[in-house]
Amino acid sequence: DSVSSCQLTINKCSDSVCQLRLDMDKMELSQPETTDNQCQGDQFIVSGGSPVPAICGINSGIHMYIDMGLNNNSPVVLTAVSSGASFARSFSVKVTQIECDSLSKAADGCLQYFTGVNGQMFSFNYNDATGLQLSNTDYTMCVRMERNFCGIQYTACPDATNTPAQSFSVTGGSPTLGSVVGTECSTDWLTIPCATNTNDPTTQSGTPVVCVDRLCGQVFNSATTPNTSPSVPVYSYSKPFNIYVHTDSLEGSSSPAESSNRGFCLNFVQQPCTASTG
């Protein structure tokens with residue numbers, strides 16, 4: 001029940017290093033407090049490099065890319081803080097240093113960087129739709145555009161835990177929201193540049209009829225729909241393939257109050273180039 005911390009300082013092993021990749025092979029800390037989902041007890045903190053949100057909860061399998069800059073005297077410090085009630089905490093982080101000219105180097109500004117034609121991405125503390133969406137986060141998730149691919153499709157992951165599904169559960173409470181888009185997303189949101197629900201770069205079905213950037217609510221769709229609607233695939237042909245994630249500092253204290261948002265889990269598949277999208 002006492003406060004303790006474990007700290008690791010990482011210096012560049014070579015002048016040619018630009019980035020760190022942190023792989024959370026295991027990251028099991030206590031959950032955020034349950035009113036506003038803020039990490040007030042346990043925290044994993046990265047300092048000294050590019051800005052990174054402090055995280056807590058279950059984050060096994062997540063990775064981060066940290067910019068180390070050009071200065072050789074600016075180490076990155078990893079700190080795991082534990083406080084509060086007794087809990088079976090456990091963490092194991094693999095650290096990889098990446099040289100500036102390496103093909104493994106992430107694009108600038110990407111906290112998470114995915115490669116390959118298809119894959120899966122999820123928010124901090126998602127934990128198969130059983131965790132709570134963390135407050136106070138701002139970061140970018142990037143997918144490397146592979147050769148001969150010009151677009152990307154995102155779909156909400158299956159959710160076998162909650163009814164209705166909460167694999168996209170970013171804003172809302174009780175009653176649940178449907179899909180919310182554009183400027184109606186003012187607290188927590190995902191930005192997917194020029195997102196549409198049709199395999200078309202700019203137009204879509206529903207309201208609005210043109211692409212949008214911000215998505216929130218509890219149904220994954222780039223058009224406005226009620227909470228009884230299913231999530232649908234969302235496409236983007238804007239390059240690079242980036243998703244910007246923003247969560248504010250409030251959940252239960254917001255007006256109207258939000259509750260039990262899980263965050264998101266998205267499967268992605270890159271779309272081949274065609275005459276209309278190339």
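This is a predicted model: local features need pLDDT of at least 70, side-chain atom pairs count only at pLDDT 80 or more; totals for chains, interfaces and linings use all residues.
Colleague: OK, how many helices and strands?

Modeller: The protein chain has 0 helices and 17 strands. Helices (H or I, at least four residues) and strands (E, at least two) are DSSP runs, numbered from the N terminus.

Colleague: And why call it as compact as a globular protein of that length?

Modeller: Its radius of gyration is 19 Å, close to the 19 Å that the globule rule gives for 278 residues, so the chain is as compact as a globular protein of that length. The radius is taken over C-alpha atoms, and the rule is 2.2 Å times the number of residues to the power 0.38. Along the principal axes, the C-alpha atoms of the protein chain fill a box of roughly 50 × 45 × 30 Å.

Colleague: What share of the residues is buried?

Modeller: Buried residues make up 47% of the 278. Buried means under 20% relative accessible area, exposed over 50%, and partly exposed in between (1.4 Å probe, protein chains only).

Colleague: Let's do sheets. What's the strand order in the one with β1?

Modeller: That open sheet has 3 strands in the order β1-β5-β3, paired antiparallel. Two strands pair if DSSP finds at least two bridges between them. β1 (4-10) and β3 (43-47) are the edge strands, each pairing on one side only. On average, neighbouring strands of this sheet are turned by 15° against each other, direction ignored. For that angle, axes are lines fitted to C-alpha atoms, for helices over the stretch in contact, and angles run from 0 to 180 degrees between N-to-C directions.

Colleague: How many bridges join β3 to β5?

Modeller: 5 bridges join β3 to β5 (residues 76-82), and the two run antiparallel. Ile45 has Thr79 in β5 as its bridge partner.

Colleague: And the sheet with β2, what's its order?

Modeller: It's an open sheet of 3 strands, β4-β2-β6, with antiparallel pairing. Here β4 (63-67) and β6 (90-99) are the edges, and neighbouring strands are turned by 20° against each other on average, direction ignored. β2 (residues 17-28) pairs with β4 over 5 bridges, and Leu22 has Met64 in β4 as its bridge partner.

Colleague: Switching to aromatics: how many pairs?

Modeller: The structure holds 5 aromatic pairs. Rings of Phe, Tyr and Trp (its six-membered ring) pair if their centres lie within 6.5 Å; planes under 30 degrees apart count as stacked, over 60 as edge-to-face and the rest as tilted. One of the pairs is Phe122 with Tyr126, which is tilted, at 6.5 Å centre to centre and 35° between the planes. Phe122 is partly exposed at 22% relative accessible area, whereas Tyr126 is buried at 4%.

Colleague: Why is the Phe168 and Phe220 pair called tilted?

Modeller: Their ring planes are at 55°, with centres 5.0 Å apart, so the pair is tilted. Phe168 lies in strand β11 (residues 168-169) and Phe220 in the loop between β14 (212-217) and β15 (234-236), so the pair ties together parts that are 52 residues apart in sequence. Phe168 is buried at 1%, and Phe220 is buried at 0%.

Colleague: What sits over the Trp189 ring?

Modeller: The charged end of Arg214 does, 3.6 Å from the ring centre. That call needs NZ of Lys or CZ of Arg within 6 Å of the ring centre and within 35 degrees of the ring normal.

Colleague: Now Leu134. Where is it, and what does it touch?

Modeller: Leu134 is in the loop between β8 (118-122) and β9 (137-143), and it is buried at 3% relative accessibility. Not counting residues up to four places away in sequence, its contacts (heavy atoms within 4.5 Å) include Pro32, Cys39, Phe124 and Thr247.

Colleague: Last one: which peptide bonds are cis?

Modeller: Among them are Lys239 to Pro240, with omega about 0°, and Ser255 to Pro256, with omega near 0°. Pro240 lies in the loop between β15 and β16 (241-247), and Pro256 in the loop between β16 and β17 (263-272).

Technical notes
Residues are numbered from 1 along each chain as its sequence is written. Side-chain values use heavy atoms; hydrogens and water are left out.
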